[in-house]
Amino acid sequence: MIASIGRRTRTVAAAVMAVALLATACSTTTDTSTDAEGNATVKLQLQWFKQGQFAGYLAALDQGFYADQGLNVEILDGGTDIVPQTVLAQGQADYAIAWVPKALASREAGAGITDVAQIFQRSGTLQASFATENITGAAELRGKTVGNWGYGNEFELFAGMTEAGLNPSSDVTLVQQQFDMNGLLSGDIAAAQAMSYNEYAQLLETVNPATGQLYTAADFTTIDWNNEGVAMLQDAIWANTEKLSDDAYREQTVKFIAASLQGWAFCRDNVEKCRDITVAAGSTLGASHQLWQVNEVNKLIWPSPAGIGIIDEASWNRTVEIAKSTKNAEGSTVLTADPDAEAYSNEYVSEALDLLKADGVDVTGESYAPIQVTLEEGGK
């Protein structure tokens, strides 16, 4: 995400409270109208504004995959005060894209939502530093000035430091990081939080004043929380738990997942085309930045040996355990208890995968290889 969740002005607790209040105050029904062709009207709420992070859904719309499933899909932009799982719980959208820990916090507070397809199989969160800092793992953060966005995005960082034997409250100097890389570039922060597909690219789109050329990957080191064993699940498709008992919504969910996954398979095989689709959809970020985003997001999805969207139990359990046990700087955890059995289901995505396999769609991407992307100054 950009800090797509972290940019929100509310805290995790405030967002959770909002879900609890609004979900009870608002109807859980959505618009069930159809268009002129008889396609069911469906609304998808994104976490943030349209960008490469959501290229698969944009491609599914652009390439007619949703229409092929009898769906007329409207993709709703996120924003600073939009919490996607809240919009879903209120009945103002049929599906939502949200990080698993935050969505589970909302579910714990009363939001009836279920993870029905886990799109990102790997975390995209990094801790980036200049190579001269010699920070290659969490243990080397000791004594350093460490930036984080807060708002619930910091738990991998805190879990990684704890796992490395550091006390986050005393062994590092924590800094509330702005949602850019300026603190790192100016030297105010030794290790800054970044998403592999966004903020890290911003570093490589910046001119190194010492050389007059763009920075390169050799100028930086990153801590990848996947390698540190504390990665948490991120972008997933969430559905309305109560409505899943309705046959029509259940069938619609399978079709929506199938078309969305087909969109992601298309972006795996057509990176530049999905860059163009994303830019045309209204992204405010440049073409080279969007190409980087689509390429890096593909790395978080592919290969998917069990099939794209399948929720891996071990990854789910690790996410839940970190969400329950890791405290942030204020001493808060994301969750206070294990989520119930309806928090996720592989039932719908499995049916969707069967539909795609019957149509000859490669749903595992076993031969996937990323492309090489050349970033331009400012991501142009």
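The structure holds 15 salt bridges, a salt bridge being a side-chain nitrogen of Lys or Arg within 4 Å of a carboxyl oxygen of Asp or Glu. The model is predicted, and local features need pLDDT of at least 70, side-chain atom pairs count only at pLDDT 80 or more, and totals for chains, interfaces and linings use all residues. Residues are numbered from 1 along each chain as its sequence is written, and side-chain values use heavy atoms, with hydrogens and water left out.

Helices (H or I, at least four residues) and strands (E, at least two) are DSSP runs, numbered from the N terminus. Glutamate 296 counts as buried because its relative accessibility is 11%, whereas lysine 299 is partly exposed, with a relative accessible area of 32%. In these terms, buried means under 20% relative accessible area, exposed over 50%, and partly exposed in between (1.4 Å probe, protein chains only).

Lysine 324 takes part in a salt bridge with glutamate 321, at 3.9 Å from N to O. These two residues lie in helix α13 (residues 313-325), three residues apart, about one turn of the helix. Glutamate 321 is partly exposed, with a relative accessible area of 43%, and lysine 324 counts as partly exposed at 26% relative accessibility. The side chain of lysine 324 also meets that of aspartate 338 in a salt bridge of 2.8 Å, N to O. This pair links distant parts of the chain, 14 residues apart, with aspartate 338 in the loop between α13 and α14 (347-358) and lysine 324 in helix α13. Aspartate 338 is exposed, with a relative accessible area of 53%. Elsewhere, salt bridges that share partners join Arg250, Glu347 and Glu351 into one network.

In soluble globular proteins, nonpolar side chains tend to be buried together. The largest nonpolar core of this model has 75 residues, and those with the most contacts inside it include Leu44, Tyr57, Tyr66 and Trp264. A nonpolar core is a set of buried Ala, Val, Leu, Ile, Met, Phe, Trp, Tyr and Cys residues joined through side-chain atoms within 4.5 Å. Helix α10 (residues 247-269) gives the most to this core, with eleven residues. Apart from this core lies another, of 37 residues, among them Ala89, Ala111, Phe155 and Trp238. The contact is made by Phe266, Cys267, Arg268 and Asp269 of α10 and by Val271, Lys273, Cys274 and Ile277 of α11.

Terms used:
Contact = heavy atoms within 4.5 Å.
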